[in-house]
Amino acid sequence: MKDIKIIDGHCDTLTKLLDKSCTLADSANHISIDKLLKGGLKVQFFAAWIGVQQLYGSSLQRGIKLIDRYHTMIVENPELIIPILKCEDIDQLEDKQIGALLTVEGGDILEGDLANLRIIHRLGVRLMTLTWNHRNEICDGIMEINSKSGLSNFGISVVREMNELNMIIDVSHISVQGFWDVIEHSKDPIIASHSNARALCHHPRNLDDEQIRAIANTDGLIGINFYPPFLSDSKGSLDDIIRHIDYISGLVGVDVVGFGSDFDGIDQLPEGINGSQDFPKIIDRLLRLNYLEDDVKKICSGNYYRIIKSILK
Ligand SMILES: [Zn+2]
């Protein structure tokens, strides 16, 4: 197997670590230290998933607890898990060190106050998914099927402030109108950290061709999500992951494709994939399908690296 490293743009392992009181050594989760090392992970994005307010009370308080769990995870794994705050932190990783980039999934954490955006940035958050499935102060999520609203005035100010702070804007889970509003208002590349192609799997969480082209026009990226219901109408398999890679790279080029596994946030896995240790199976399949090695490297980490380099200055 060639030494091709992975950047995975989305997982929900922090929720497991906090709510199940486990550690990154625990092999029961999709992601663990051993699995990350076996998978050849260079950088894993760790999301603080804010969820729905009814479950947790204050969104900000819930977010702070998850952010704290990220930092204690770093402390529990000295010299092994390294926080990524800017691109040079990736360049300085040694072999066998894994970068951990902190993200927030759900702008509910801001509770409508831009000061909270600046504060979470100071706490190390470098990417924010603007909404989860439902409405928040920024925008509607994709599951608000009866309203379809886009960015609020506050949402527009969040997009501008994220550009100012050099934070990556993530449009996975956002309403269709919200998606187009972000494209209009952001000056930086846009990513959908964990979404697939609607043309192959007709799920509202997936992106249609126009949206995929719009992300490509920003020089952005789409992270292929491994959740079977987003991959296929049937059970979902490694082959379906490849189909989505094929489709998006065929539509807009290989520079737009990355991974957003959604490990530890999904209750089903595609056939052939059990956790982050299985990324080499995907690499192997792409190489056997005669993808150029340079293109495989872009999909696995190069495209994410390009975006991190352009935004996390
Ligand atoms: Zn998600």
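Helix α12 passes helix α13 in a right-handed crossing, meaning that the near helix is turned clockwise from the far one by less than a right angle. Helices here are DSSP runs (H or I, at least four residues), and strands are runs of E with at least two, numbered from the N terminus. This is a predicted model, in which local features need pLDDT of at least 70, side-chain atom pairs count only at pLDDT 80 or more, and totals for chains, interfaces and linings use all residues. Residues are numbered from 1 along each chain as its sequence is written.

α12 (residues 279-288) and α13 (residues 293-311) pack at about 150°, with axes 10 Å apart. That makes α12 roughly antiparallel to α13 (angles over 145 degrees). Ile 283, Leu 286 and Leu 287 in α12 meet Glu 293, Val 296 and Cys 300 in α13; contact means C-beta atoms, placed from the backbone, within 7 Å.

## The core

The largest nonpolar core has 91 residues, of which Phe 46, Ala 48, Ile 169, Val 182 and Ile 222 touch the most other members. α13 gives the most to this core, with eight residues. Such a core joins buried Ala, Val, Leu, Ile, Met, Phe, Trp, Tyr and Cys residues through C-beta atoms within 7 Å; buried means 20 or more other C-beta atoms within 10 Å of a residue's own.

## Around α9

In helix α9 (residues 209-217), the buried residues are Gln 211, Ile 212, Ala 214, Ile 215 and Ala 216. They pack against α8 (176-185), β7 (190-192), β8 (221-224) and α11 (238-252). After α9 comes Asp 219, with a positive phi near 70°.

Conventions: Axes fitted to C-alpha atoms, helices over the stretch in contact; angles between N-to-C directions. Parallel < 35°, antiparallel > 145°, perpendicular 65-115°, else oblique. Contact = placed C-beta atoms within 7 Å. Buried ≥ 20, exposed ≤ 12 C-beta atoms within 10 Å, placed from the backbone.
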